[in-house]
Amino acid sequence: MTSSPSMWTDNALMTTAGLPEQAFPTGTLYVVGLPIGNLGDITLRALWVLSRVDAVAAEDTRETRKLLDRFGIHAHLISVREHNERAGAEQIMARLAAGERVALVTDAGTPAVSDPGAHAVAILREAGHAVVPVPGASAVVTALSASGLRGSGFTFVGFVPPQSKARKAALARYASRPEPFVLYEAPHRIRELLTDLADALEPERIVVVAREITKKFETFTRLPASELAEWATAHEPRGEYVVLIDEAPEREATLGEAERRWLEAVAEAMPASKAAALASKVTGIPRQTLYDLIAKKD
């Protein structure tokens, strides 16, 4: 990039954009979101903060150096990754205690969201240091916005365990719930994940497989769970994946005699609303339908 670093440090870009003066307290950790693929998604505030802090704590200093060089920013880098997060937090703490400002970044996206950073943030907050978020890209939110999931809420799962038994148990647990949920997966494990997910879900439940989000070969594939395994076999793994599972298809309230007795017993032990919510998680039947059944019984 040909622009001078003063574009960020002298507030030239902020002033040109007509933005108000930015607060920048000392002794503060700034958690900075970075692009997940397309460098054009970096924010003005992220560039401004990165150019002015005393140090940047990075998951991979080599990757972060490439990004900073692209924007003409020369910052001191320190390593804070998964395997040295406590030691890295102590290093950051010493800098904050001395009145410095430190930015925390991950390789892509927002730190501490299925990436290193959460442990360091917790340690620093417990020590009484200020932590300021600088919003940026997040793969889960970006994927959700273009997925067309129907549910009004969702459960963010992130990465499930890589071991086969633990992965299957986790998928079965989340698949039993009616609300949408979102997974992350690496390319070398995506086929196993999708195969196990197909086994855990109802065949007609909709899944969106997003890969290479914001990059040249970005794709969103929407298909029923019954077709997941075939799709995984037919496509060469490429890039990082976000897998979004839509809400469970509505089922009629067809309860067996044993299930009805269980529902009645639960309804006697707790308020109807709580009983319906619990029964919905167990049966997959919509909460309102079960609540109506309880109310009708009363």
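Biologist: Which helix is leucine 278 found in?
Modeller: Leucine 278 is found in helix H12, which covers residues 272–283; helices (H or I, at least four residues) and strands (E, at least two) are DSSP runs, numbered from the N terminus. This is a predicted model, in which local features need pLDDT of at least 70 and side-chain atom pairs count only at pLDDT 80 or more, while totals for chains, interfaces and linings use all residues. Residues are numbered from 1 along each chain as its sequence is written, and side-chain values use heavy atoms, with hydrogens and water left out.

Biologist: Is leucine 278 buried or exposed, or partly exposed?
Modeller: Leucine 278 counts as partly exposed because its relative accessibility is 36%, given that buried means under 20% relative accessible area, exposed over 50% and partly exposed in between (1.4 Å probe, protein chains only).

Biologist: And which residues make the nonpolar surface patch?
Modeller: Trp262, Leu278 and Val282 make a nonpolar surface patch of about 260 Å². Patches take residues with over 30% relative accessible area and no salt bridge, joining like charges within 9 Å and nonpolar side chains (Val, Leu, Ile, Met, Phe, Trp, Tyr) within 5 Å; the areas come from the Shrake-Rupley method with a 1.4 Å probe, and for residues only the protein chains shown count as cover.

Biologist: Switching to charges, how many salt bridges does the structure hold?
Modeller: The structure holds 11 salt bridges, each a side-chain nitrogen of Lys or Arg within 4 Å of a carboxyl oxygen of Asp or Glu. One of them joins the side chains of aspartate 246 and arginine 150 at 3.3 Å, N to O. Aspartate 246 lies in the loop between strand E10 (241–245) and helix H11 (257–269), and arginine 150 in the loop between helix H7 (139–145) and strand E6 (155–159), so this pair ties together parts that are 96 residues apart in sequence.

Biologist: Which residues are linked in a network of salt bridges?
Modeller: The network links Arg150, Arg222, Asp246 and Glu247. Within it, aspartate 246 is buried, with a relative accessible area of 0%, whereas arginine 150 counts as exposed at 51% relative accessibility.

Biologist: What about aspartate 196 and arginine 167?
Modeller: Their side chains meet in a salt bridge at 2.8 Å, N to O. Aspartate 196 lies in helix H9 (residues 190–200) and arginine 167 in helix H8 (residues 164–175), so the pair ties together parts that are 29 residues apart in sequence. Aspartate 196 is buried, and arginine 167 is buried as well.

Biologist: Okay, where does arginine 211 lie, and what is its nearest side chain of opposite charge?
Modeller: Arginine 211 lies in strand E8 (residues 206–211). Arginine 211 is buried yet has no salt bridge, and the nearest side chain of opposite charge, that of glutamate 212, is 7.4 Å away; in this count Lys and Arg are positive and Asp and Glu negative, with His and the chain ends not counted.

Biologist: Which backbone oxygen does the side chain of arginine 211 reach?
Modeller: The side chain of arginine 211 reaches the backbone oxygen of glutamate 236 at 3.0 Å. This is a polar contact, meaning a pair of N or O atoms within 3.5 Å; within protein, one must be able to donate a hydrogen and the other to accept it, and residues adjacent in sequence count only if both atoms are side-chain atoms.

Biologist: Last one, which residue has a positive phi of about 75 degrees?
Modeller: That is threonine 214, which is not a glycine. Threonine 214 is found in the loop between E8 and strand E9 (219–224), and is buried, with a relative accessible area of 19%.
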